Amino acid sequence: MMKNSLSKQEVLAHLNNLCEDTLMETLRIKYVDVDVAKGKLVATMPVDSRVYQPMKILHGGATVALAESVGSAASQLLIDPSKEMAVGAEISANHLKSARTGLLIATAECLHKGKSSHLFQIKVENEQGELISMVKL
């Protein structure tokens, strides 16, 4: 993908097209905003029965799947995909609040762009801007 020559809408369309027949499609994760130059990507995921644990609240694993999806995709935007591939090496999440309904908004921001590794901070918030989880990838 020639990131520098694509518009914001084209980058988002490309990323969302890659989600077909994947976990991201199952969880209804959608990429909604991007700033390639800053290594920033935003995705959303609805909170419904697909992402519940047995107590009918948001499953922490679904939150981590959202965070890894947005962080890995953001990392992919920082490399040359014809020569390299971005994959997660480690993830750590602190779950601070739960949810039963609504939309989660995950914002991945690059904290470090090294030669062979990237470090991302991913904030997962609800629609009211309350922090649900803080994730490091």
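Visitor: Which residues lie nearest the centre of the largest pocket, and how many line it?

Guide: S75, V87, S116, S117 and H118 lie nearest the centre, among 20 lining residues. The model is predicted: local features need pLDDT of at least 70 and side-chain atom pairs 80 or more, while totals for chains, interfaces and linings use all residues. Numbering runs from 1 along each chain as its sequence is written, and side-chain values use heavy atoms, without hydrogens and water.

Visitor: Why is this called a pocket?

Guide: On a 1 Å grid over the protein atoms alone, a pocket is an open set of points with protein on both sides within 12 Å along at least five of seven lines; lining residues have an atom within 4 Å of a point. The largest pocket has a volume of about 380 Å³, a volume being the space filled by probe spheres set on the points.

Visitor: What makes up its lining by class?

Guide: Eight residues are nonpolar, eight polar and four charged; Asp, Glu, Lys and Arg count as charged, and Gly is among the polar. The largest share, three residues, comes from α3; helices are DSSP runs (H or I) of at least four residues, strands (E) of at least two.

Visitor: Why are β5 and β6 called paired?

Guide: Two strands pair if DSSP finds at least two bridges between them. β5 and β6 have five bridges, in the antiparallel sense, so they meet the criterion. E125 stands opposite L131 in β6. In this hairpin, with five residues between the strands, G129 takes a positive phi near 80 degrees.

How values were computed:
On a 1 Å grid over the protein atoms alone, a cavity is a set of points where a 1.4 Å probe fits but cannot get out, and a pocket is an open set with protein on both sides within 12 Å along at least five of seven lines; lining residues have an atom within 4 Å of a point.
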